[in-house]
Amino acid sequence: MTPRVQKTVDRARMLAAALAGATALALPAGAQTLFDAPGAVMPNMPGAPVTDRDGSALAPAAPSLGSDPVGDRTPLTITPASVAPEARLTLPGTDLSEDETSPATVLADNVVLRDDRTLIAAGGVVIWHQGARLIASRVIVDGQTGALTIEGPIHLSRPGADPDSEAVLIADSAQLDQDLQNGIILGARLVLARELQLAATRLERRDDGRISELSQVVASSCQICASDPTPLWEIRARRITHDAETRLITFDHPQLRAFGVPLAYAPFALTAPDPTVERRSGFLRPEIRTTSGLGFGVKLPYFQTLGDSADLTFTPYLSLDRTRTLELRYRQAFANGATEWNGAISRDDLREGETRGYVFGVARFDLPRGYRLGMQVQSASDRAYLLDYDVTDADRLWSGLTLERVRRDKLVWGRVGNYETLREDEDGATSPAQVADVIWMRRFSPRLIGGQAVLEWSAHAHRRPSDADRIGRDMARASVGLDWRRSRILPGGVVGAALAGLEADVYRVAQDDRFDDIVTRVDPKVGVELRWPLATARGGATHMVEPVVQVLYTPRGRDDDIPNEDSRLIEFDEGNLFSDNRFPGWDVRETGLRANVGVTWTRLDPTGWSIGVTGGRVLRSRDADNFADDSPLGGRSSDWLLSANYDSGTGLAVANRALFDDSFGISRNELRVGWLRPDLQVSAGYLWIDRDEDEGRPADASELIGNVGWQIADGWWGEAETRYDFSADRAQRASLQVAYRNECITVESGLSRRFTTSDLVRPETSFDLSVRLEGFGQRQDAPGTVARRSCMR
């Protein structure tokens, strides 16, 4: 596969991966409860694993750039999450209702039928009737009315019912009608989804079992022990009503207690969802947030459903007269896509008299013939606002439209939009603002010469707001590229390949007197490649070695007549060791006669662990044309590339990549370590890069970033993160989060410190705290264990 083909495949894979998480047909079924956030982990709070969703142990990873072949390092608004709506299929002529006159089935140790047709069943009684199952010690069925007098212990549920999602009734005695639906139950306990337990002296069931009204009742999701019957928290009320159809719980004059001590009382009725509810309008879990800039504050979000496919969340944020903020989030799903908008507006004393805020929006829609349309809006009053209110640490924003289609042999991608810079050292008037890109790629097999070929058309244009010469330069480019490759297996198992390609560009440069208005360029390319894959097995382990030699030729030439706008940052790693062009963009290309040489060794152990090593370098007939002399790719020979990775097969992974010259002077080194276990998640990375004036790096870069999550104790989960700059000899940020979870409560707290300082941004310390009472709405998954109270002495 030619380097250009490889680049094409990489772009297509990247797009396909992004499209795999495309929006479906309905809004996310996140847990909407009185005490929890709707389907999302609160920012900077424990609960989000330190690893990627694919389980990869190696991190920290770069921020996601989404379906974008042009990596611009702007923040990507999260693609609107959605799920397919419930689909129920009923075959024609099928009657799903049960005959109301169908007889009951009774199973008991002893059954007696009296002359008045009164039935007495005793000893392990089980009754099935019209979708209900009753288990009791003794049941008396009145011969005239069919009413049941039941002696406990009683267990009433549906046959085959899932206790994780449906209610189960346990009682001491009961009087029920013949359908086992309505009646009076004494000493009752109503257990909802194995989480929330309602205990009452008396329970009345009515409306064919839909309504359960409990009197003198106590509700709690905490385990209660006979030796210590006081739960961690409980809600006492005169009456509690559970509606099985709407899945709502209504508390009449509720009182909240902790360890038996009253904490709060409401002289009116309150409503909350039961543990099976996924979306419901109401107040969500409050959050306490304290920062050095805004002081002590409270967030109290309110979630409002707008039908099955839309919702709106209002979050007032008040902070002791330091800020008055209203945060908003709107989500809606359509038949062919979804949209999500987040924003906030604030008046605070950090900038007296100013109205500050931001808005981030995103939409994705499926179009006919496999196309996908995307829209993104990102705008903020100032970068400090995004940091002060913990929105994002991005310093560039992008708003615009994208259109894309990915197929097995064709790629279409286009984007047009506007960049907004928030950097203090960048002038928005002299930075490219309006930018447009189009890429069309097609893979095919030529009939006459065989092999695989890729045809690519691309266009790019950008404009700077300034009209000044040079610093206001505008540019447009149109390019066409053709790559061809054909491989054959030669004697001895050597894989040989012939490579050829042609790339042509036409540039239009405006407002820069150093360059001609119209510039054209044509670069042909030819090459050969030899690979010798070898494999052997020793002691049960498999060893694979593959030496590779790739020789390429492109007519020499420097690209001094074309401004370099997109190829300033150059990477050299095992991903592009065998590439025809290591410049990331189109403006500069590698030229001359050169050879990419390297070897890869991999060992696969039968016990599950593996190790791999890759080494190589680039050799040239003459000094490189377009690389600086002190660049790792400059001169007649590049620096040596050495990469190694280890995977234990049990969660530990280590990877290291280094560039060094013939005297072993290291110019770049990157180390990443990851360790995944149920009780430990470690992710750390260290980066060293020599200074490079051409890449805008006047000082050496030496930075450590790490994230660790660990099981402190049963139910306790901790997570710490830090980023330290050794060149500046100071930390950039640090944070510590601790969460405690048991069967009835979740407490999350987080302490973070940002050390970044400038004329507009100052260091800040923040503290977050939230508490969730379990049993109301669905529980969110989180790492670590859930502590459970033990009743054993």
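Modeller: Let's go to R485 and E529, which form a salt bridge with their closest N and O atoms 2.6 Å apart; the term stands for a side-chain nitrogen of Lys or Arg within 4 Å of a carboxyl oxygen of Asp or Glu. The pair links distant parts of the chain, since R485 sits in strand β28 (residues 474-489) and E529 in strand β30, 44 residues apart. Strands here are DSSP runs (E, at least two residues), as helices are (H or I, at least four), numbered from the N terminus. This is a predicted model, in which local features need pLDDT of at least 70 and side-chain atom pairs count only at pLDDT 80 or more, while totals for chains, interfaces and linings use all residues. Residues are numbered from 1 along each chain as its sequence is written, and side-chain values use heavy atoms, leaving out hydrogens and water.

R485 counts as buried because its relative accessibility is 9%, and E529 is buried too, at 2%. Buried means under 20% relative accessible area, exposed over 50%, and partly exposed in between (1.4 Å probe, protein chains only).

Strand β30 has another side to its story. V526 lies in this strand, and at 46% relative accessibility V526 counts as partly exposed. β30 (518-531) and β32 (541-554) each supply at least two residues of the patch.

D573 is buried yet has no salt bridge, and R657, the nearest side chain of opposite charge, is 4.7 Å away; Lys and Arg count as positive and Asp and Glu as negative, with His and the chain ends not counted. Leaving aside residues up to four places away in sequence, D573 touches L641 and R657, where contact means heavy atoms within 4.5 Å.

To place our pair in the whole, the structure holds 54 salt bridges. Another joins the side chains of R331 and D311 (2.8 Å, N to O). R331 lies in strand β20 (residues 323-334) and D311 in strand β19 (residues 310-318), so this pair ties together parts 20 residues apart in sequence.
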